[in-house]
Amino acid sequence: MTLTEMNIKKIRIRSKISVQEAVSCVFVLWLLNPITHDYLSPAYVIVIAAMWYFTANSQNKSAMGKALNSKAFIFAWFYPLFMLIYVAAGHAKLEKSSIGMPLIVLFYMYCYYRNNKKDDSLILKSSIFYFILMAGYTLLELKKNPYISRLLANGDKVFKADFLSPLTAGYTEIYYLVFFVISAFGAALIYKKRNFRYFYALLIALLLFLFIRAQYTIAILLVLLGTALAWFTRYRNKSVWLVFVNMFFIILLMFLIFGTDSLAEFVYLVSDMIPDGILKNRVIQIGDLFYSGNPMMQGRNGAVVRFQLYSKSWNTFLSNFFFGVGDSEMALALVGGHSTFIDRLARYGIFGGGLYIISRIYILILVRKTISDRWKRLYSINMVIFLLLSILNTSNRNSFLMMLIVILPLFFECIEEKLRIESQYSERKENCEYINDRERNSGKTES
């Protein structure tokens, strides 16, 4: 067999995708796409999950056994099993998203114990390709209707059905892509290979353009905060939490030194650079929050309304501390509906809501332990952003968990594998040069 024939054979072998790999990609993309949660029956997820389990178990029984016995998978069941008590008592409705947590955790833990970077890379590449397609398609849709992504944040499923498609990014997709942008930016600071940086610089630019065109103000602010944390903690001796606290106190100090009116004027100046639309209005409303004089934008201030909704849920929680008000129509009128963490406390009290918050945080901590040390700090930044998002907005979709628990760890570990291979190659090259130098020197000595 000639060298060319051998190379062709290798390409053919590498191009083959097993059933298990294909099902894994379908499972990940199924949970990431916009229409799964509200518009497709959970039966589809159950069927795909069952197919993935049987194909994965047949591929690597040892990895599946370790994943099933992992602390993360066992703990992931605590909240859904506890909530069954609330459901049986008629105090809560069964949440599809709470059942998804153990399944997503099992998927990642299997990938972790299987330790097959080729399969992980395929899942990651298919996800990134999907993000690019979704961003491009949504930008085209935004050109036709500049408010389409904002309209998809509406809670009315019948209303949203006219705008929705598997490639149109709405509220959930914009916000889970925030985590990916922060991670890609942080990775480019660490992994300095030119091709890698060029590719992710273009991808980040595309996604940032999407966020701006989609007019999601909090998403843009979270990206700015996350990338700032990634920049200031890029050295290993910098603590993410310490830098975050320092940034918080610096902002407070700015309020004391310059006064709220000066900061409001700066925000107004920024708003002048933004075209007319929801994003411009939201920035002006932030300025109005700080300004002591007459507000620039008349009518209800969206930022003030948001804080009123938080306060509504918090007061409901304090009044129904142990068990919350539940999920009835009358009870939900007492919940603001704009903060996953505070709303959960209001609906289910310190027992159900507290367990929800603890389970989310603890599982992310367990997932962080599986990531290589080089990337733990960057993952912690995403945890900070997730906590802020869960307080400021809703984050109870499985697509958020898929991004945080599966996509980001695989992203970091695939880059770590590249760094490891390049390091080994560099060491072998140095050893070969050292040996060649010694041989040359010994030859000179003999002559």
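A cavity here is a set of points, on a 1 Å grid over the protein atoms alone, where a 1.4 Å probe fits but cannot get out; lining residues have an atom within 4 Å of a point. Grid points are joined across faces, edges and corners, and a volume is the space filled by probe spheres set on the points.

The model is predicted: local features need pLDDT of at least 70, side-chain atom pairs count only at pLDDT 80 or more, and totals for chains, interfaces and linings use all residues. Residues are numbered from 1 along each chain as its sequence is written, and side-chain values use heavy atoms, with hydrogens and water left out.

**Cavities**

The whole structure holds 2 cavities of 30 Å³ or more. In the table, Ala, Val, Leu, Ile, Met, Phe, Trp, Tyr, Cys and Pro count as nonpolar, Asp, Glu, Lys and Arg as charged, and the others, Gly among them, as polar.

| Cavity | Volume | Lining residues by class |
|---|---|---|
| Largest cavity | about 40 Å³ | 5 nonpolar, 1 polar, 2 charged |
| Second largest cavity | about 30 Å³ | 7 nonpolar, no polar, 1 charged |

Pro80, Met83, Leu84, Val87, Lys93, Leu94, Glu95 and Ser98 line the largest cavity. Helix H7 (residues 78-88) gives the largest share of that lining, 4 residues. Helices are DSSP runs (H or I, at least four residues), numbered from the N terminus.

The second largest cavity is lined by Met101, Arg360, Ile363, Leu364, Phe386, Leu401, Leu404 and Ile405.

**Nonpolar core**

A nonpolar core is a set of buried Ala, Val, Leu, Ile, Met, Phe, Trp, Tyr and Cys residues joined through side-chain atoms within 4.5 Å. Buried means under 20% relative accessible area (1.4 Å probe, protein chains only). The largest such core has 117 residues, and Phe180, Ile405 and Phe411 have the most contacts inside it. H21 gives the most to this core, 15 residues. Ile405 also lines the second largest cavity.

Contact means heavy atoms within 4.5 Å. Beyond its neighbours within four places in sequence, Phe180 is in contact with Ile128, Phe131, Tyr200, Leu203, Leu207, Met403, Ile407, Leu408 and Phe411.

**Cysteines**

A search of the whole structure finds 0 disulfides (pairs of cysteine sulfur atoms within 2.5 Å). Cys111 is in no disulfide; its nearest cysteine sulfur, that of Cys414, is 9.8 Å away. From Cys414, the closest cysteine sulfur is that of Cys111, and 9.8 Å is too far for a bond. Cys111 is buried, at 3% relative accessible area. Cys414 also counts as buried, at 10% relative accessibility.

Key:
On a 1 Å grid over the protein atoms alone, a cavity is a set of points where a 1.4 Å probe fits but cannot get out, and a pocket is an open set with protein on both sides within 12 Å along at least five of seven lines; lining residues have an atom within 4 Å of a point. Helices (H or I, at least four residues) and strands (E, at least two) are DSSP runs, numbered from the N terminus. Buried means under 20% relative accessible area, exposed over 50%, partly exposed in between (1.4 Å probe, protein chains only).
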